[in-house]
Amino acid sequence: MHPPILNLYELLEIPFGATSEEVKNSFRRLAKSHHPDLNPEISPAKFQQILFAYKTLSGPDRKNYDDSFKKNYAIQFIKSKLEDMPLTLPISRVRFSTGILDLAKKGLMRKGFRTKDRRKITGINYDLILDLKESELLRPVVAVVPLTVRIVCRDCMGGDPHCHSCSGRGSYKSSRNLKVEFPISTLVHNRIYEFDLSKFRPDSFTHFKKKSLKVKLFVHKNIPCRAKTSP
C-alpha cells in the first residue's frame with residue numbers, strides 16, 4: 001500500500017484546482033507569517049514545505065502532481081468508505097479449532113480431562129479460527145460466534161430445589177451469539193486474541209460457560225487463477 005502523497009494544496013491553504021494567481025497570492029501571504037527571517041519562532045522546515053508547494057504548483061510539474069493527487073485521493077476516499085462498512089464473516093468461516101469428534105478419537109473426551117489438559121496435549125491454545133481473505137483486510141471484520149450459556153432461573157434465582165419453572169436445576173442451558181469486531185489494525189495473520197467473556201454478558205442472569213475466548217486469525221493469500229492452456 002502506497003503512503004498518501006503530501007497535500008500541497010492544504011499547505012498553501014487553497015482548494016484543489018486553484019488558479020495560478022491564487023497560488024501566488026496564497027504563497028505571498030503565508031511567506032510573511034512563516035519566513036524564518038520575519039518570524040524566528042516558526043520552524044524553517046515548515047517554510048521549506050510551503051516553498052516546495054509553491055514551486056510545484058506554479059511550475060511545469062503541477063500536472064503530474066495533480067494526476068497523482070487525484071489518484072491518491074480516490075484511493076483514500078474508497079479506503080475511508082470501506083472502513084465505515086464492516087465485513088460480517090459468513091458462519092462457514094468461523095470455525096472451532098477442534099471438534100468433539102476429533103477429541104474423542106484421540107481419547108481426550110474421557111472423564112477427568114480438562115480443557116487446559118486437552119490444549120497441552122494437542123498444542124492448540126485457541127478456541128476459534130477466523131478464515132479471512134487477503135483482500136478483506138481493508139475493512140473491519142465482524143464475527144458472530146455461537147457460545148453456550150447458563151441462564152439463572154428468574155423465578156427461584158437458582159436457590160429452590162423444588163422450583164417448578166426449572167425443576168430444581170437452578171438454571172437453563174442455552175446459547176447466545178456473540179458479536180466480536182476486529183478493527184483493521186488488528187487483522188494480522190496467525191495472531192491470537194483473547195476476550196474476557198464477562199464483559200460481553202447481556203444481563204446479570206446470563207453466564208457464559210467459558211470465562212474467556214481465544215480467537216486466531218488466519219489470512220488466506222489471494223491466489224490468481226491460472227489461465228488454461230491448450231494441450
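This note walks through a predicted model of one protein chain, point by point.

1. **Overall make-up.** The protein chain has 6 helices and 8 strands. Read from the N terminus, the order is α-α-α-α-β-β-α-α-β-β-β-β-β-β.

2. **Burial and surface.** The protein chain holds 231 residues, and 31% of them are buried. Its accessible surface comes to about 16,100 Å². Carbon and sulfur atoms account for 55% of that surface.

3. **Helix α3.** This helix covers residues 44-57. Does its length fit its residue count, or what span should we expect? At 1.5 Å a residue, the 14 residues of α3 should span 20 Å. The end C-alpha atoms are 20 Å apart, so the two values agree. The buried residues of α3 are Phe47, Ile50, Ala53, Thr56 and Leu57.

4. **Isoleucine 50.** This residue sits in α3. Its relative accessibility is 1%, so isoleucine 50 counts as buried: the cut-off is under 20%. What does isoleucine 50 touch, leaving out residues up to four places away in sequence? The list is Leu11, Leu12, Phe27, Leu30 and His34. Look at leucine 11 in particular. Isoleucine 50 and leucine 11 are 39 residues apart in sequence, yet their C-alpha atoms are 6.0 Å apart in space.

5. The structure holds 9 aromatic pairs. One of them joins tyrosine 9 and phenylalanine 16. The ring centres of tyrosine 9 and phenylalanine 16 are 5.2 Å apart, with 65° between the planes, and the pair is edge-to-face. Tyrosine 9 has 2% relative accessibility, so it counts as buried. Phenylalanine 16 has 39%, so it counts as partly exposed. The rings of tyrosine 65 and phenylalanine 69 make another pair, with centres 5.9 Å apart. Their planes meet at 35°, so this pair is tilted. Tyr9, Phe16, Tyr65 and Phe69 form one aromatic cluster.

6. **Tyrosine 65 and phenylalanine 69 in helix α4.** Helix α4 covers residues 62-83. How far apart are tyrosine 65 and phenylalanine 69 along this helix? They are 4 residues apart, so about one helical turn separates them. Both fall under the 20% cut-off for burial. Tyrosine 65 has 12% relative accessibility, and phenylalanine 69 has a relative accessible area of 13%.

7. **Strand β8 and its partners.** Strand β8 covers residues 212-220. Strand β3 (residues 128-133) runs parallel to β8, and 6 bridges join them. In β8, valine 215 is the bridge partner of leucine 128. Strand β6 (residues 192-196) runs antiparallel to β8, with 5 bridges between them. Here isoleucine 192 has lysine 216 in β8 as its bridge partner.

8. **Serine 171.** This residue lies in strand β5 (residues 171-182). Is serine 171 buried or exposed? Its relative accessible area is 13%, so serine 171 is buried. A polar contact of 2.9 Å joins the side chains of serine 171 and arginine 150. Leaving out residues up to four places away in sequence, serine 171 touches Arg150, Ile151, Val152 and Cys153.

9. **Two positive phi values.** Which residues should you check in the loops? Glutamate 13 is one, with phi near 60°, a positive value in a residue other than glycine. Glutamate 13 lies in the loop between α1 (8-11) and α2 (20-34). Methionine 157 also has a positive phi, about 55°, although it is not a glycine. Its place is in the loop between β4 (141-152) and β5. Methionine 157 has 51% relative accessibility, so it counts as exposed: the cut-off is over 50%.

How values were computed
Residues are numbered from 1 along each chain as its sequence is written. This is a predicted model: local features need pLDDT of at least 70, side-chain atom pairs count only at pLDDT 80 or more; totals for chains, interfaces and linings use all residues. Side-chain values use heavy atoms; hydrogens and water are left out. Buried means under 20% relative accessible area, exposed over 50%, partly exposed in between (1.4 Å probe, protein chains only). Accessible areas come from the Shrake-Rupley method with a 1.4 Å probe; for residues, only the protein chains shown count as cover. Contact means heavy atoms within 4.5 Å. Rings of Phe, Tyr and Trp (its six-membered ring) pair if their centres lie within 6.5 Å; planes under 30 degrees apart count as stacked, over 60 as edge-to-face and the rest as tilted. The expected span of a helix is 1.5 Å times one less than its number of residues. Two strands pair if DSSP finds at least two bridges between them. A polar contact is a pair of N or O atoms within 3.5 Å; within protein, one must be able to donate a hydrogen and the other to accept it, and residues adjacent in sequence count only if both atoms are side-chain atoms.
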